[in-house]
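Please look over the sequence and the structure before reading on.

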Amino acid sequence: MLVLGRTPEDAAHALPGLRERGEVRYARADVTDEHQVRAAVEAAAGAWGVPLTSVLHLAGTLVERPVGDLDTTTWRRALEAKVRGAWTLHRLTADHPHVSFVTFSSVNGFFGGAMNAAYAAANAYLDALAEYRRSLGLPAQSLAWSMWRDRGLSRGYGLTSLTEARGYRLLDAPAALRSFDFARTLDEPHLLIGADRTAPWVGSHVVAPVRRTRRLAARVGLEDGTDLGALYRAAAAGARAADLSDDAWTLRSAGSTGVRPDQPGTQEDLRRLEGRLAQVWREVLNRDRVGLDDNFFDLGGNSLLLVTAQSAVNRAFGSELSVVDLFAHPTVRDLARHLAATGAGPVADVEAASRPESGDDLDRAREQARRQRAARARRSARQGKDRGHV
């Protein structure tokens with residue numbers, strides 16, 4: 001591990017403890033100086049013979065005063081370590097797409113604060129940088145902490161009781177490290193850690209139901225035609241063997257793990273499929289809004305609603321998708337492309353079925369039947385081709 005800091009090495013008191021756990025190299029460098037940081041990284045890579053693989057940005061400066069008392073010099077001092085430092089590390093790693101990039105932010109970046117406007121702005125920048133890097137296809141995660149008890153900037157802090165009263169929990173080091181370990185298993189660019197949603201201040205800023213986070217226990221690849229009931233029973237038996245209660249685990253889909261084939265149809269056709277499919281999901285899940293990349297199970301879907309969704313989708317598209325198909329394609333975008341690959345398309349509105357059949361209605365019914373037969377034929381062919389493939 002390479003540690004960078006402005007502190008002289010003989011005054012860096014954490015180094016001896018770190019070196020008891022492995023090889024640690026220290027370089028005195030200012031994280032806002034790209035030349036110094038790049039030189040330190042290149043020296044370490046040369047000495048160890050390995051490339052840079054992970055970045056953890058922990059630097060920061062806490063300035064507490066009313067925003068009206070912040071002159072230009074103070075603003076810059078408050079922002080430099082987090083803002084310029086993070087941008088330096090972003091530039092350093094921009095041509096290394098496989099480098100893990102984690103920044104330590106604060107709940108203040110999301111909730112703000114009367115006496116720490118500059119600190120809040122610096123952390124909001126880190127949160128935005130994580131989203132920006134993700135948009136470039138680069139890894140990034142901004143972890144917005146409440147407060148580590150008597151660690152770092154919180155060492156000797158005199159207003160911890162007020163902090164907790166607002167709903168920002170003080171985290172002991174073991175709890176914080178467990179939270180860090182858990183957060184790194186979640187594919188989210190920005191996470192709030194230690195914010196108590198039951199506190200009035202925090203709750204007043206929550207604009208949607210908080211999604212419960214879970215630790216990934218296993219990934220399972222499904223063959224076409226897999227019996228989901230058998231899979232669920234096997235998972236339940238494993239949970240019981242681990243002394244877990246029924247509400248302590250869940251079975252959900254993360255999507256297809258296979259290589260996505262080239263999708264037929266125009267973008268207009270796909271948008272039409274996505275729009276109609278989102279409408280079906282809103283009705284099934286009783287939601288006002290469903291995003292193209294929202295996971296069915298994160299929106300409140302469960303095994304019973306999955307069966308309901310299967311019937312609704314097949315009715316709306318004249319398809320014959322199985323529950324496994326929906327389980328393997330849990331987002332509107334993914335399922336729409338899967339439907340496009342089968343040749344399915346939106347059928348006539350449900351209201352039309354109640355009207356006397358005209359020639360056009362009969363033509364639509366015949367077209368729906370034709371699509372269903374074609375879907376069955378493609379499905380049978382695919383099952384024969386993929387039999388035994390996991």
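## Basis and overall make-up

This is a predicted model, in which local features need pLDDT of at least 70 and side-chain atom pairs count only at pLDDT 80 or more, while totals for chains, interfaces and linings use all residues. Residues are numbered from 1 along each chain as its sequence is written, and side-chain values use heavy atoms, with hydrogens and water left out.

The protein has 14 helices and 8 strands, which are DSSP runs numbered from the N terminus (helices H or I, at least four residues; strands E, at least two). Of its 390 residues, 37% count as buried, where buried means under 20% relative accessible area, exposed over 50% and partly exposed in between, with a 1.4 Å probe and protein chains only.

## The nonpolar cores

A nonpolar core is a set of buried Ala, Val, Leu, Ile, Met, Phe, Trp, Tyr and Cys residues joined through side-chain atoms within 4.5 Å. The largest one has 30 residues, of which L277, W281, V313, F317 and L339 touch the most other members. At least two residues of this core come from each of α9 (228-241), α10 (267-285), α11 (303-317), α12 (323-328) and α13 (332-342), and the largest share, 8 residues, is supplied by α10. Apart from it lies another core, of 13 residues, among them V31, V55, F101 and A130.

A316 is placed in helix α11 and counts as buried because its relative accessibility is 5%. Although A316 and L277 are 39 residues apart along the chain, their C-alpha atoms are separated by 8.2 Å.

## Helix α5

Helix α5 (residues 117-135) has 19 residues and should span 27 Å at 1.5 Å a residue, which agrees with the 27 Å between its end C-alpha atoms; the expected span is 1.5 Å times one less than the number of residues. Its buried residues include A118, Y119, L126 and A130, and among the elements that cover the buried residues of α5 are α3, β4 (100-106) and β5 (141-145), with contact meaning heavy atoms within 4.5 Å. Just after α5, G137 takes a positive phi of about 80°.

## A patch on the surface

W87 lies in helix α3 (residues 72-93) and, at 37% relative accessibility, counts as partly exposed. Together with Y132 and L136, W87 forms a nonpolar patch on the surface, with about 300 Å² of accessible area for the three together. Patches are made of residues with over 30% relative accessible area and no salt bridge, like charges being joined within 9 Å and nonpolar side chains (Val, Leu, Ile, Met, Phe, Trp, Tyr) within 5 Å; a salt bridge is a side-chain nitrogen of Lys or Arg within 4 Å of a carboxyl oxygen of Asp or Glu. Accessible areas come from the Shrake-Rupley method with a 1.4 Å probe, and for residues only the protein chains shown count as cover.
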